[in-house]
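I would like the criteria behind each term to be stated along the way.

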Amino acid sequence: MKAEFAVVKLATGIAGFDLVGYGGLPKGRTTLVAGSAGSGKTVFAAQFLTAGIKDADEPGVFVTFEESPRDIKENLLSLGWDIGELEKQKKWAFVDASPQIGEQTVEVGGYDLSALLARIEAGIKAVGAKRVSMDSLGAIFSRFTDRSVIRGELYRIAQALKSMGVTCVMTAERNQEYGDISRTGVEEFVADNVIILRNVLEDEKRRRTIEILKFRGTTHQKGEYPFTIIPEEGFVVIPLSAIQLKQKSTNIRVTSGNADLDTMCGGGFFRDSVTLISGATGTGKTLLVTEFIGGGVKKDERCMLFAFEESREQLFRNATGWGVNFEPMENEGKLKVVCEYPEVCSMEDRLVSMKKAIMEFKPHRVAVDSLSALERVSSLRGFREFIMGLTSFIKHQESTGLFTSTTSTLLGGTSITEAHISTLTDSIILLRYVEMFGEMRRGLTVLKMRGSQHDKNIKEFTIDAHGLHLGKPFRNVGGILAGNPTHIDSNEIERLKGMFSDA
Amino acid sequence: MTLMNNYLFTLYIAGQTSRSQRAVSNLRQACENTGAAYELVIVDILERPEAAEQAKILAIPTLVKESPLPIRKVIGDLSNHEVLINELDIKPA
């Protein structure tokens with residue numbers, strides 16, 4: 001009995017949205033999608049139909065109040081969707097309620113919108129539609145003087161669609177990003193379900209988010225989720241907190257590419273872990289990345305490197321200097337190097353394109369050099385969300401991840417990057433300069449490693465044509481990580497040792 | 001005789017509602033009062049929704065003056081004869 005009345009969800013097929021909506025949109029009901037200009041309402045409405053046709057073979061009717069079908073077709077073609085073809089296949093029908101050029105309608109006495117309803121019903125019958133999108137309601141309000149009539153008529157249309165078992169998306173304009181739901185107050189009658197799209201300016205960068213405000217009678221994720229609109233895929237929601245911590249975990253160790261470091265880490269990195277290497281400029285972060293990849297390829301693993309600081313030529317030349325030759329690896333298809341300026345696209349687009357590249361190449365190892373370069377072009381929140389999305393994705397792919405981040409000071413110190421992502425990565429390796437007796441030396445320590453014992457020493461290391469070599473621990477220096485190394489007398493060390501052994 | 005039917009109207013209705021009947025009688029009266037000669041085609045969009053799609057009709061009733069040009073659209077039950085005659089520029093035959 002209960003199940004009969006429960007609200008069923010309809011998977012929209014819009015990437016990520018169904019996770020946020022706990023399965024999709026309430027089936028057989030009308031959902032209002034409100035957003036300011038340029039927030040992606042039309043794309044959402046159109047994709048609701050194209051995804052339905054593609055994924056579920058559910059034809060759709062698109063009712064347009066604003067743009068002509070011709071314009072919509074042109075615009076959607078730029079996203080790679082051929083609506084004309086879908087029309088030919090009788091999967092998509094337009095109801096053109098857009099204003100006609102030069103047409104002026106005069107009102108003389110009472111009227112209703114029966115013709116619109118009849119046309120929508122005819123469109124639904126013609127293609128056997130299960131989904132209807134109406135875009136956008138503001139345009140129809142501006143064409144008639146009596147708003148209360150239009151409201152009542154839209155309510156009637158929503159009810160008629162409900163009785164036909166059709167799931168409907170209506171879009172409406174908003175004036176501000178935070179404030180009234182819609183300009184025309186339509187939410188009062190189709191308010192069962194409300195979704196808000198935002199396009200907020202934050203730190204000089206546009207940030208698109210989607211929020212499910214309410215789904216009457218059913219549940220959904222709360223809060224704003226970032227999304228992006230990209231060619232071919234259209235609307236992609238990045239469902240951060242919907243990501244569940246359920247990635248598999250194994251005890252399989254893989255080599256870091258450096259035998260000394262493997263020993264320090266208790267036998268290497270875990271296979272499905274993400275490690276962060278933090279250090280000042282020139283401490284050897286890119287070297288560790290190079291070794292990580294070299295070690296992977298030697299074990300016949302596929303590796304992928306995203307580089308945001310150096311060009312291909314630079315990377316390849318530097319690697320050769322450390323005894324790792326990237327070129328044959330790439331020719332054999334064992335390695336893929338992606339070099340791009342961080343400024344090229346937004347963080348949301350970056351995440352989607354990186355995920356896509358990883359999915360295509362299916363690497364065992366993924367390295368990112370460096371996160372700090374990406375941080376530069378992002379807002380704090382956008383950056384954090386990016387790291388979260390990327391780490392969880394890498395783990396889901398059961399790949400090993402290695403990220404680098406640059407500290408802002410030469411001696412000691414932490415970077416903002418670290419402060420925000422240290423809890424998201426499984427292991428942290430610090431590379432630090434150590435100033436001793438008028439000489440710059442370099443030290444490495446494994447700060448944390450989830451689920452494993454590791455060497456807690458700060459070890460000195462050197463770099464030569466064969467890579468990085470760990471030496472002895474800095475036994476008689478303190479304050480390295482704090483950034484003010486001080487020499488400690490060896491007698492003092494003996495004394496401290498004695499103190500603890502007595503206790 | 002050529003002056004006969006110098007107005008061609010199409011009236012879109014949705015079934016025989018009292019509002020559409022009012023629109024028909026209001027149009028007849030207005031034309032008769034001004035002494036205009038006209039021909040009226042009534043389209044029931046419940047029977048022919050494709051006609052509404054073609055003419056891009058939203059509201060019911062909608063009256064379209066097809067000729068003489070320019071084409072004019074008026075919506076409503078046409079209860080205000082004065083506005084109706086003005087808008088459609090109805091003159092005696």
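**Reading the predicted model**

Chain B exposes about 4800 Å², of which carbon and sulfur atoms supply 51%; accessible areas here come from the Shrake-Rupley method with a 1.4 Å probe, and for residues only the protein chains shown count as cover. This is a predicted model, in which local features need pLDDT of at least 70 and side-chain atom pairs count only at pLDDT 80 or more, while totals for chains, interfaces and linings use all residues. Residues are numbered from 1 along each chain as its sequence is written, chains are lettered from A and ligands numbered from 1 in the order in which they are written, and side-chain values use heavy atoms, with hydrogens and water left out.

Chain B contains 3 helices and 4 strands, where helices (H or I, at least four residues) and strands (E, at least two) are DSSP runs numbered from the N terminus. Read from the N terminus on, the elements of chain B follow the order β-α-β-α-β-β-α. The radius of gyration of chain B is 13 Å, close to the 12 Å that the globule rule gives for 93 residues, so chain B is as compact as a globular protein of that length; the radius is taken over C-alpha atoms, and the rule is 2.2 Å times the number of residues to the power 0.38. Along its principal axes, the C-alpha trace of chain B spans about 35 × 25 × 20 Å.

Of the 93 residues in chain B, 47% are buried, a term that means under 20% relative accessible area, with exposed meaning over 50% and partly exposed lying in between (1.4 Å probe, protein chains only). Among the contacts in chain B with a separation of 6 or more, 69% involve residues 24 or more positions apart, contact meaning heavy atoms within 4.5 Å. As for charge, the mean positions of the 9 positive and 11 negative charges of chain B are 3 Å apart; Lys and Arg count as positive and Asp and Glu as negative, His and the chain ends not being counted, and the place of a charge is taken as NZ of Lys, CZ of Arg, CG of Asp or CD of Glu.

Leaving aside neighbours within four places in sequence, B:Ile60 is in contact with residues of chain A, including A:Tyr111 and A:Asp112, and with residues of chain B, including B:Tyr12 and B:Ile45.

In chain A, helix H4 (residues 69-77) has A:Pro69, A:Ile72 and A:Leu76 as its buried residues. Seen down the axis of H4(A), these buried residues fall within an arc of 60°, so they line one face of the helix; the arc is that of the directions from the helix axis to the C-beta atoms. What the buried residues of H4(A) pack against is helix H3 (41-56), strand E4 (60-64), helix H5 (83-88) and strand E5 (92-96) of chain A.

A:Ser36, in the loop between strand E3 (30-35) and H3 of chain A, is buried, with a relative accessible area of 7%, and touches A:Lys41, A:Arg174, A:Glu177 and A:Leu197, not counting residues up to four places away in sequence. A:Gly13, in the loop between strand E1 (9-10) and helix H2 (17-20) of chain A, counts as partly exposed at 28% relative accessibility. Leaving aside neighbours within four places in sequence, A:Gly13 is in contact with A:Asp18, A:Ala51 and A:Asp55, and its C-alpha atom is separated by 9.2 Å from that of A:Leu49, 36 residues apart along the chain.

The backbone deserves a look as well. Most residues other than glycine have a negative phi, and most peptide bonds are trans. A:Glu232, although not a glycine, has a positive phi of about 75°; A:Glu232 lies in the loop between strand E11 (224-230) and strand E12 (234-237) of chain A and counts as exposed at 55% relative accessibility. A:Lys362 has a positive phi of about 50°, again without being a glycine, and A:Lys362 counts as exposed at 57% relative accessibility. A cis peptide bond joins B:Ser67 and B:Pro68, with omega about -5°, and B:Pro68 is in the loop between strand E3 (62-67) and strand E4 (72-75) of chain B.
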